[in-house]
Amino acid sequence: MKELEKRAGNGLALVPFLLFIVIYMGTGIILQLKGVEMAFYKFPSVVAMSIAVIAAFFMFHDAGINENFKVFARGAASEDVVTMLMIYLLAGGFSAVAGAMGGIEATVNLGVSVIPVHLLTAGIFVISAFMATATGTSMGTVGAIVPIAMGIVDKAGLSMPLVMAACMSGAMFGDNLSMISDTTIAATRTQGVELKDKFRTNFWCAFPAAVVALVLLVIFGRPEHVVVMEYGNYELIKVLPYLLVLMLALLGMNVFLVLLIGILSAGIIGMVYGDFTPVGFATEIWKGYQSMIEVFLLSMFGGGLAELTAHYGGLQWMIEKLSGICKGKKSAQGALCVLAGLTDMATANNTVAIIVDGNMARSISEKYRIDPRKTASILDSFTCIFQGMIPYGAQFLLVASLTKGRVSPLDIIPLFWYLFLLGIFTVLSFLIPWYEKLTLPGTWDWDKGRVSRY
């Protein structure tokens, strides 16, 4: 950051990033107006980012292509980016193997079997939250639980909009808190903090929001009449890999070891139960890797473009402009909330939004001495909040597809109690001093770049 402070601000250096957003969002808007399904996901984000990188090379051609490539490669191959890429691959491998051996189905059936019918709406929120936290994917959670939830709605006489809101809210809860979520990985690596430290900070905002939302779902989510529910069979051992990953991650074990143990435990269980052969086990791991290719390449290109932007003064220019708005630490954190939300609305992808905002947010944090654990929490929370509520987001589009148009975004958005509450608690966590201390245990050592004392 010392190099960044010395370099003169240059707003033009941000043009490539703006070009990426215009291409990605503009194409989505045009296709949406034409009635194309999943419009905001038709144009590959990696291609849009590639165009932005090429534009940056042309803009800064005076330095020469070799010099620009050195700068790009320095960002794309930085320690934080490479660590993030490896975690993505292992997280994808674990999710694929655990799903293939029946872990998702077992978890859902277990949840439905132990939750009383009159608490099913609240129960769906809990099941979705656990699934998303364990698997690290809100999309996978929505895809797995919505079809089951629809059957529950019809049998138990529940409110379809409220149940869908509960399912999506739980999915975003897990996406926000999960140790293996791509948003968590992106937020922690871009801000240089440990997964467990970001989790502790995030937890004290997400947990009270979830508790209040759960109470509301219990009160307003009761069925019109109580019926006897049927549920599928499950093997309890197939839930074990998810529990193992959660517990080991919370205990502070190295994330690489956590994910490797998760993959091996899920693989052994799958082979013992005949869900796949050793060759099938390897195939599932590869499928998991493949599922992460887009975010893998996007993170690598984004890291390189961010380095070019910083090198040519783009981040310094943005910090100078924000200094006119940010009068201190609290207003700077408010600006980070707005930045994260607006970027997600523009990109319709919370991981992309965090990657785009990462370096800029880190620079603002250093300037105003905002604890990077808080910055990572704000980025992850507010991108998840907006991602859950934008009608053109992937989660909403998937729900619309699975429910075959039985509910509309206008029916569901007012019922996103958890997301509204998460935003409120996150803002309060930097406005109220004692609450801020609760969310940030210990002291951040700026020289060493880590928590020095608890």
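Glu 284 and Lys 287 form a salt bridge through their side chains, with N and O 3.6 Å apart. The model is a predicted one, and the distances and accessibilities in this report are computed from it. Both residues belong to helix α14, where they sit three residues apart, a separation of about one helical turn. Their surroundings can be given one by one. Glu 284 has a relative accessible area of 16%, and since buried means under 20%, Glu 284 counts as buried. Lys 287 has a relative accessible area of 43% and is partly exposed.

The whole structure contains seven salt bridges. Three of them are listed here.

| Salt bridge | N to O distance |
|---|---|
| Glu 284 and Lys 287 | 3.6 Å |
| Lys 238 and Glu 235 | 3.8 Å |
| Asp 275 and Lys 238 | 3.0 Å |

Through shared partners, Glu 235, Lys 238 and Asp 275 are joined into one network of salt bridges. Lys 238 is buried, at 7% relative accessibility. Its two partners are partly exposed: Glu 235 has a relative accessible area of 33%, and Asp 275 has a relative accessibility of 33%.

Another part of the model shows two helices packed against each other. Helix α10 (residues 182–191) packs on helix α19 (residues 372–389) at an angle of about 150°, and their axes are 9 Å apart. That angle makes α10 roughly antiparallel to α19, because angles over 145 degrees count as roughly antiparallel. The crossing of these two helices is right-handed. On the α10 side, the contact involves Thr 183, Thr 184, Ala 187 and Gln 191; on the α19 side, it involves Pro 372, Thr 375, Ala 376, Leu 379, Asp 380 and Cys 384. Sorted by class, the contact between α10 and α19 has five nonpolar residues, four polar ones and one charged one.

Leaving aside residues up to four places away in sequence, Leu 162 touches Thr 121, Leu 217, Phe 220, Gly 221, Leu 415 and Trp 417. How far apart in space are Leu 162 and Ile 413, given 251 residues between them in sequence? From C-alpha to C-alpha, Leu 162 and Ile 413 are 9.6 Å apart.

Some totals describe the chain overall. The chain has 23 helices and two strands. Of its 454 residues, 56% are buried. Considering contacts between residues at least 6 apart in sequence, 80% join residues that are at least 24 apart.

Key. Residues are numbered from 1 along each chain as its sequence is written. This is a predicted model: local features need pLDDT of at least 70, side-chain atom pairs count only at pLDDT 80 or more; totals for chains, interfaces and linings use all residues. Side-chain values use heavy atoms; hydrogens and water are left out. Axes are lines fitted to C-alpha atoms, for helices over the stretch in contact, and angles run from 0 to 180 degrees between N-to-C directions. Helices (H or I, at least four residues) and strands (E, at least two) are DSSP runs, numbered from the N terminus. Angles under 35 degrees count as roughly parallel, over 145 as roughly antiparallel, 65 to 115 as roughly perpendicular and the rest as oblique. A crossing is left-handed if the near helix is turned anticlockwise from the far one by less than a right angle, and right-handed if clockwise. Contact means heavy atoms within 4.5 Å. Ala, Val, Leu, Ile, Met, Phe, Trp, Tyr, Cys and Pro count as nonpolar, Asp, Glu, Lys and Arg as charged, and the others, Gly among them, as polar. A salt bridge is a side-chain nitrogen of Lys or Arg within 4 Å of a carboxyl oxygen of Asp or Glu. Buried means under 20% relative accessible area, exposed over 50%, partly exposed in between (1.4 Å probe, protein chains only).
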